[in-house]
Amino acid sequence: MKILIADPIATSAVEVLRKNFEVIEQHFSQSELLNEISNFHAIIVRSATKIPREVVKKGTQLKVIGRAGVGVDNIDVEAATEKGIFVVNSPQASTISVAEITIAYMLALSRKLIQATNKTKDGKWPKKQLMGTEMHGKTIGFIGCGRIGAEVVKRTQVFGMNCLVYDPYLPPEVPAKLGVEMTEDLDRLFRVSDFITIHAWLTDETRGMVGENELEKMKPTAFLVNCARGGIVDEDALYDALKEKKIAGAALDVFTVEPAIENKLFELENLYVSPHIAASTKEAQIRAGLVTAEQVRLVLIGQKPVFSVNAKMLV
Ligand code: NAD
């Protein structure tokens with residue numbers, strides 16, 4: 001059987017698959033992919049290659065689509081399910097990496113580390129302008145507290161922070177286990193938090209969830225971090241809030257439109273940004289590659305995958 005690895009994954013993961021299958025590592029343009037996909041029984045992608053309905057339709061031999069990572073926004077899961085094709089991923093592979101970059105952003109924002117770096121390199125020594133705040137003793141509000149949120153909780157507790165969580169779908173036993181306070185009052189979370197971090201998926205419910213009204217409620221000393229998905233924060237509203245110093249600062253790893261090559265937000269000194277790299281660590285990539293390769297292997301040998309986003313629908 002033939003596997004197409006359309007976006008690069010860890011070499012160790014490719015080697016696992018080569019033991020049993022013919023593996024082609026090649027990135028095709030979307031139009032080339034339409035012509036080539038019928039030759040393959042499996043395809044593995046990261047986020048670059050898109051698998052829309054027309055690619056699924058042309059994949060007449062496809063049994064499984066592997067996403068080395070967690071989000072499957074680039075795959076038409078419904079179309080795959082209709083054709084009985086498994087969509088598998090590696091949901092836990094990047095959890096620690098995303099939690100760590102979230103903490104990195106909180107530390108960097110509260111100590112103005114990017115302004116400090118830029119000004120010091122510019123030959124300035126503005127110690128007074130660079131007065132920071134401690135994370136210790138502060139309240140951090142969580143919007144969503146699943147896998148990644150829980151890891152951020154553990155790390156912020158070590159800093160001596162109070163964790164306040166808004167997550168309507170969290171299993172009831174989780175808050176006590178994590179030692180966090182739950183709230184159903186999102187307004188209160190915006191009003192009392194010194195840091196707000198987002199760890200929910202982009203859904204109809206969460207789209208635009210942090211907009212003008214919510215940002216208005218935040219403390220002028222508070223920071224917002226979004227390493228989850230673009231679209232949850234209204235970027236126009238965030239621009240105004242940061243420009244008018246209604247909040248102290250924000251960090252975004254994700255954007256409404258990606259790649260975010262041009263974005264008016266980038267002119268703001270109190271906004272820290274990165275190009276969707278929260279999962280881009282060596283460890284996460286190796287984990288994602290190995291786990292996804294194993295899921296693809298299981299499907300191709302006729303077994304059920306462990307991490308499938310549509311396995312239940314296919315039973
Ligand atoms: P998860 O499914 O484990 O957790 C998501 C949590 O959000 C769940 O507990 C769920 O109950 C909660 N939730 C759902 N709807 C909500 C709502 N309306 N309000 C508040 N909470 C809600 O997911 P995860 O693995 O922790 O991933 C969290 C986010 O991180 C996702 O958006 C994912 O795309 C993102 N992520 C980003 C990167 C990156 O590179 N920046 C990498 C991996 C994951």
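Which residue lies over the face of Phe-40? Select Lys-2: this residue sits 5.3 Å from the ring centre (NZ of Lys or CZ of Arg within 6 Å of the ring centre and within 35 degrees of the ring normal). Before moving on, note that this is a predicted model, where local features need pLDDT of at least 70 and side-chain atom pairs pLDDT 80 or more, while totals for chains, interfaces and linings use all residues. Residues are numbered from 1 along each chain as its sequence is written, and side-chain values use heavy atoms, leaving out hydrogens and water.

Next, pick Lys-264, which lies over the face of Tyr-239 at 4.6 Å from the ring centre.

Now show Phe-255 and Phe-266, an edge-to-face aromatic pair with 5.8 Å between centres and 85° between the planes (centres within 6.5 Å; under 30 degrees is stacked, over 60 edge-to-face, the rest tilted). Both lie in the loop between strand 11 (249-252) and strand 12 (271-273), so the pair ties together parts 11 residues apart in sequence (strands are DSSP E runs of at least two residues, helices H or I runs of at least four, numbered from the N terminus). Phe-255 counts as buried at 6% relative accessibility, whereas Phe-266, at 35%, is partly exposed (buried is under 20%, exposed over 50%, partly exposed in between, with a 1.4 Å probe and protein chains only).

Finally, go to Glu-205, in the loop between strand 9 (195-198) and helix 10 (212-217). At 53% relative accessibility, Glu-205 counts as exposed.

How values were computed:
Rings of Phe, Tyr and Trp (its six-membered ring) pair if their centres lie within 6.5 Å; planes under 30 degrees apart count as stacked, over 60 as edge-to-face and the rest as tilted.
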